[in-house]
Amino acid sequence: MTGSSRRDFLKTSGVVAAAAWAGTRLMADPLPWPIGLQLYSVRDLLPKDFDGTLHQLHAAGYRVVEAAGYFNKTAAEFRHSMDQAGLRCVSTHHTLSALRTELDKWIDYAHTLGLEYIVCSSSGGVHRDPSAKGELTLDDWRYVTGEFNRIGEKVKAAGMTFGVHNHTPEFATEDGVLVYDELLRLTDPKFVVFEMDAGWVYASGHNPVDYLRKAPERFPLMHVKAMVLGADGKRQMTVLGKGQPEYGPIMRAATGLKYYFVEQEEFDMDPMEELREDAEYMRKLNV
């Protein structure tokens with residue numbers, strides 16, 4: 001083989017090898033994010049076999065998780081179990097009430113765990129008037145945004161990012177004002193980001209894509225869940241791909257996304273089997 005032929009051969013071989021490597025990468029994980037799970041999905045399994053459940057999640061394809069409670073474990077114990085299972089816990093959920101009263105405690109816990117995000121899971125019960133009850137009014141939500149900014153500033157100073165998770169009450173309208181729009185308007189982007197629960201946005205009658213296109217940088221986190229209407233007319237959780245919303249357009253619009261977490265709160269069959277199906281759906285999703 002001449003020198004030039006050898007060079008051509010090596011060049012061609014290199015291209016083929018690179019293409020094969022790229023193809024393998026695409027087949028293995030076409031999405032630019034690791035497959036994540038909100039651990040609320042396995043809240044019934046973890047107390048029975050904490051370490052075993054985490055290892056099963058890794059085997060099912062999950063690589064990052066978001067905590068929803070710590071199951072009476074110290075931060076060091078929780079972190080050790082994650083490390084042993086090959087998982088990274090990058091985010092956690094706490095209610096606004098807990099964050100208002102125990103923020104320093106949960107920041108210390110988060111540091112040991114190596115978290116990147118501390119997320120408010122629910123603002124329920126936090127009214128402008130402490131004696132008030134029931135659903136939050138628009139004025140209550142405006143008061144809550146001040147709490148978000150205060151907490152977010154402290155979380156940022158601790159080297160992490162504070163996020164706000166939604167359900168459906170955030171999409172109520174009062175005096176022509178949509179609560180979620182007001183939350184986005186009044187929270188300081190330097191201190192507060194949003195974890196879009198795309199399933200609940202859809203269930204509230206809104207399109208997640210609209211918000212993602214408008215301000216993608218405000219949404220570095222996402223919950224991915226699917227719902228169907230049951231015989232009783234109520235929405236029920238189901239395996240991804242068997243309900244709504246459709247996640248192809250949503251993930252394409254999520255240009256500011258850092259992590260997403262599958263969250264399936266109800267199961268028809270074996271939970272781990274359905275969670276494997278969820279992971280496979282995300283692995284094959286065409287974006």
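Which residues does Ser91 touch, not counting residues up to four places away in sequence?

Modeller: The model is predicted, so local features are reported only at pLDDT of at least 70 and side-chain atom pairs only at pLDDT 80 or more, while totals for chains, interfaces and linings use all residues. Residues are numbered from 1 along each chain as its sequence is written, and side-chain values use heavy atoms, with hydrogens and water left out.

Ser91 touches Val65, Glu66, Ala67, Leu115, Tyr117, Val119, Leu221 and Phe261, leaving out residues up to four places away in sequence; contact means heavy atoms within 4.5 Å. Ser91 belongs to strand 3 (residues 88-94), where helices (H or I, at least four residues) and strands (E, at least two) are DSSP runs numbered from the N terminus. With a relative accessibility of 0%, Ser91 is buried (buried is under 20% relative accessible area, exposed over 50%, partly exposed in between, with a 1.4 Å probe and protein chains only). The side chains of Ser91 and Glu66 form a polar contact at 2.7 Å. Such a contact is a pair of N or O atoms within 3.5 Å; within protein, one must be able to donate a hydrogen and the other to accept it, and residues adjacent in sequence count only if both atoms are side-chain atoms.

For the setting of this site, the chain has 10 helices and 12 strands. Of its 287 residues, 47% count as buried. Among contacts in the chain with a separation of 6 or more, 75% are between residues 24 or more positions apart.

The C-alpha atom of Met251 is 9.0 Å from that of Leu31, although 220 residues separate the two along the chain. In the loop between strand 11 (235-238) and helix 9 stands Pro245, which is joined to Gln244 by a cis peptide bond with omega of about 5°.

Helix 2 (residues 50-59) has Phe50, Thr53, Leu54 and Leu57 as buried residues. These lie on the same side of helix 2, because they cover an arc of only 100° around the axis, the arc being that of the directions from the helix axis to the C-beta atoms. In general, an α-helix has 3.6 residues a turn, so residues three or four places apart point the same way. The cover over the buried residues of helix 2 includes strand 1 (36-38), helix 3 (75-85) and helix 10 (271-284). At the start of helix 2, the backbone nitrogen of Gly52 has a side-chain oxygen of Asp49 within 2.9 Å. Just after helix 2, Gly61 has a positive phi of about 115°.

Helix 4 (residues 96-113) and helix 5 (residues 138-157) have axes that come within 11 Å and cross at roughly 5°. Helix 4 is therefore roughly parallel to helix 5. Axes are lines fitted to C-alpha atoms, for helices over the stretch in contact, with angles from 0 to 180 degrees between N-to-C directions; those under 35 degrees count as roughly parallel, over 145 as roughly antiparallel, 65 to 115 as roughly perpendicular and the rest as oblique. From helix 4, Leu96, Leu99, Arg100, Leu103, Asp104 and Ile107 meet Tyr143, Val144, Glu147, Phe148, Arg150, Ile151, Lys154 and Val155 of helix 5. The residues of this contact comprise 9 nonpolar, no polar and 5 charged (Ala, Val, Leu, Ile, Met, Phe, Trp, Tyr, Cys and Pro are nonpolar, Asp, Glu, Lys and Arg charged, and the others, Gly among them, polar).

His127 occupies the loop between strand 4 (117-120) and helix 5. His127 is buried, at 7% relative accessible area, and a polar atom of its side chain lies 3.4 Å from the backbone oxygen of Gly125. Beyond four places in sequence, His127 touches Ala132, Lys133, Gly134, Glu135, Leu136, Asp140 and Tyr143.

Two exposed loop residues remain. Asn72, in the loop between strand 2 (64-67) and helix 3, is exposed at 82% relative accessibility and has a positive phi near 60°. Asp175, in the loop between strand 6 (173-174) and strand 7 (177-178), is exposed at 74% relative accessible area, with a positive phi near 55°.
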